[in-house]
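Hello,

Here is the structure I promised to pass on. Have a look at it first, and then read my notes below.

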Amino acid sequence: MSRGADTRGVPRIEVIGIAGLPEVRDGDRLGEMIARAAREQGTAIENEDVVVVTQKIVSKAEGMLVSLSTVEPSPFATRFAEESGRDPRLIELVLRESRAIVRMDPDRGILITETRHGFVCANAGIDASNVPGEDMVSLLPRDPDESARRILGELRDAAPDIEAAVVISDTFGRAWREGHVNF
């Protein structure tokens with residue numbers, strides 16, 4: 001969340017984490033959950049706040065988790081997986097979630113792809129961290145702009161007098177470089 005200006009009118013930005021959110025599940029109304037948790041910790045959403053929501057919980061709420069046990073790898077995915085030492089089912093999902101392959105590095109097991117959204121990132125943004133189960137992965141939301149609009153609508157349902165904004169963020173690794181960038 002951001003808080004517009006201090007009492008002197010000096011612009012400022014304040015980052016306030018929201019604690020107390022339960023594990024997010026398919027079908028959860030994130031906007032309502034966030035508004036409730038913020039209120040309960042004494043930092044209710046205010047006018048002109050910018051609420052930043054991580055892609056992972058958006059994906060969880062939208063059912064964008066896939067069990068690799070349900071994926072049948074193509075011959076191309078199988079070949080690349082053999083060369084790279086990766087799971088062919090994961091490689092298949094990367095291919096399915098991609099519009100184009102930008103670069104391949106079998107030695108590191110990385111495919112740089114352009115997602116259907118137009119993002120260029122490692123392995124189509126597919127991630128196995130912070131998801132339940134050994135063979136589960138998280139895909140990017142189908143339409144992040146629509147996701148943000150939906151969450152904003154839920155925030156407005158929970159706090160009708162508040163004018164806020166919603167940003168969905170993700171940390172993308174910079175392929176072949178050290179570090180990560182959050183955008």
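Which strands does helix 3 lie across? Helix 3 (residues 75–84) lies across strand 3 and strand 4, and runs at about 25 degrees to strand 3. Contact here means heavy atoms within 4.5 Å. Helices (H or I, at least four residues) and strands (E, at least two) are DSSP runs, numbered from the N terminus. Axes are lines fitted to C-alpha atoms, for helices over the stretch in contact, with angles from 0 to 180 degrees between N-to-C directions.

A word on the source: this is a predicted model, where local features need pLDDT of at least 70, side-chain atom pairs count only at pLDDT 80 or more, and totals for chains, interfaces and linings use all residues. Residues are numbered from 1 along each chain as its sequence is written, and side-chain values use heavy atoms, leaving out hydrogens and water.

Now the sheet: 3 strands form an open, antiparallel sheet in the order 3-4-5. Two strands pair if DSSP finds at least two bridges between them. Strand 3 (98–105) and strand 5 (120–122) are at the edges with a single partner strand each, so one side of each has no neighbour in the sheet. Strand 4 (residues 110–115) is joined to strand 5 by 3 bridges, and E114 has V120 in strand 5 as its bridge partner.

Finally, the axes of helix 3 and helix 4 (residues 88–96) come within 8 Å and cross at roughly 125 degrees. Where they meet, residues including F76 and F80 in helix 3 face a group in helix 4 with I91 and L95 among them.

Happy exploring!
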